[in-house]
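Hello,

Here is the structure I promised to pass on. Have a look at it first, and then read my notes below.

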Amino acid sequence: MKFTEHIDPGNIKLGLEGQRKDEVIEELVELLVESCNVSDADTILDAVLSREREGSTGLEKGVAIPHAKSDAVNKLCIAIGISKDGVDFEALDGKSSHLFFLMIAPTNESGPHVQAIAKIVKMIKIDRFRSKLLKANQPQEVIDAIESAEIGEI
Amino acid sequence: MSNGAHPLRKILLYIDGSESAITAAQFAIAIAKSYESELRAIYVVNEDLLDELLKVKIFVQMEKMDYERDLEEDGKRYLNYIVKIADRKGFKVETILRKGVVHEEVSREVDEYGCDLLIQGELGEVLSLRDSFYEEGERILRKVKCPVMIVRGSDKIEKKYNEM
């Protein structure tokens with residue numbers, strides 16, 4: 001599974017405006033509406049917020065991976081957002097989150113979703129990878145960094 | 001190797017839901033039918049990966065169980081599909097669904113079934129050395145103690161299969 005096959009510049013927002021967890025998730029879901037042919041953004045938003053209520057997907061080192069399954073998509077959809085200021089995402093280490101990977105999978109096929117999450121979990125452990133994303137000035141730089149991480153250049 | 005002079009009495013087919021697994025299945029059915037071999041298809045729910053995602057707190061317990069059920073259903077669907085396409089060619093395929101560490105479960109099945117050949121689809125694109133340690137097809141290839149056939153060339157195989 002190649003992660004970059006699921007993203008394009010339209011799925012990436014470098015300057016997230018949201019100051020709160022729910023606002024950031026809403027911004028990310030909006031990115032998917034056009035780029036991923038989402039039929040019902042509210043359903044996705046509800047699914048992600050509901051999942052967050054079970055436990056935050058804010059990890060350590062400023063990364064969060066909100067995710068859910070929904071019938072509103074017919075393929076794995078990924079949105080990436082970067083917040084320079086950081087947002088309180090109730091992360092494990094109590095620090096602000098800056099890098100957000102929203103993943104929505106169709107309900108009838110979980111395999112690619114699980115693989116995509118596992119892949120990003122591996123990438124975000126690399127300090128240089130996170131640093132490259134935070135310094136990105138264009139969405140394409142984010143894609144390039146992910147591609148480099150996938151081929152082991154970072 | 002299983003008993004008897006026939007070198008391919010039992011064939012195990014590993015499937016993972018990918019398109020290349022379908023190609024491998026077509027080829028496995030064709031070979032098994034030609035050699036009158038037994039054919040068993042295996043799918044493994046990657047519990048190891050789910051446990052890892054639970055450990056790093058990406059999944060909560062309930063969610064992990066939910067995904068496990070999903071992957072099990074996916075596996076049953078893939079296995080049923082193999083049975084169906086084999087049936088169309090007048091051939092019977094046994095199926096088995098296991099849960100655990102994928103390459104270890106496939107290796108265990110190779111030993112327990114006593115197969116003479118393991119067939120699997122084209123290996124996933126290994127983009128880095130780091131990746132190769134996690135690619136299940138690669139790990140199976142290294143782990144199992146029997147001959148392994150990697151099936152490539154989907155167009156050619158599909159054409160031949162349709163002519164069968």
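**Around A:Met103**

Leaving aside residues up to four places away in sequence, A:Met103 is in contact (heavy atoms within 4.5 Å) with A:Phe3, A:Ile65, A:Pro66, A:His67, A:Ala68, A:Cys77, A:Ile78, A:His113, A:Ala116, A:Ile117 and A:Ile120. This is a predicted model, where local features need pLDDT of at least 70 and side-chain atom pairs pLDDT 80 or more, while totals for chains, interfaces and linings use all residues. Residues are numbered from 1 along each chain as its sequence is written, chains are lettered from A and ligands numbered from 1 in the order written, and side-chain values use heavy atoms, without hydrogens or water.

A:Met103 sits in strand S5 (residues 97-105) of chain A; helices (H or I, at least four residues) and strands (E, at least two) are DSSP runs, numbered from the N terminus. With 0% relative accessibility, A:Met103 is buried (under 20% relative accessible area; exposed is over 50%, partly exposed in between; 1.4 Å probe, protein chains only).

**Salt bridges**

Over all chains there are 30 salt bridges (a side-chain nitrogen of Lys or Arg within 4 Å of a carboxyl oxygen of Asp or Glu). One pairs B:Glu63 with A:Arg51, with the closest N and O atoms 2.7 Å apart. B:Glu63 belongs to helix H3 (residues 61-88) of chain B and A:Arg51 to helix H2 of chain A, so this pair joins two chains. B:Glu63 is buried at 10% relative accessibility, and A:Arg51 is buried at 7%.

In chain B, B:Arg98 and B:Glu105 form a salt bridge at 3.0 Å, N to O, and both are buried.

Best wishes
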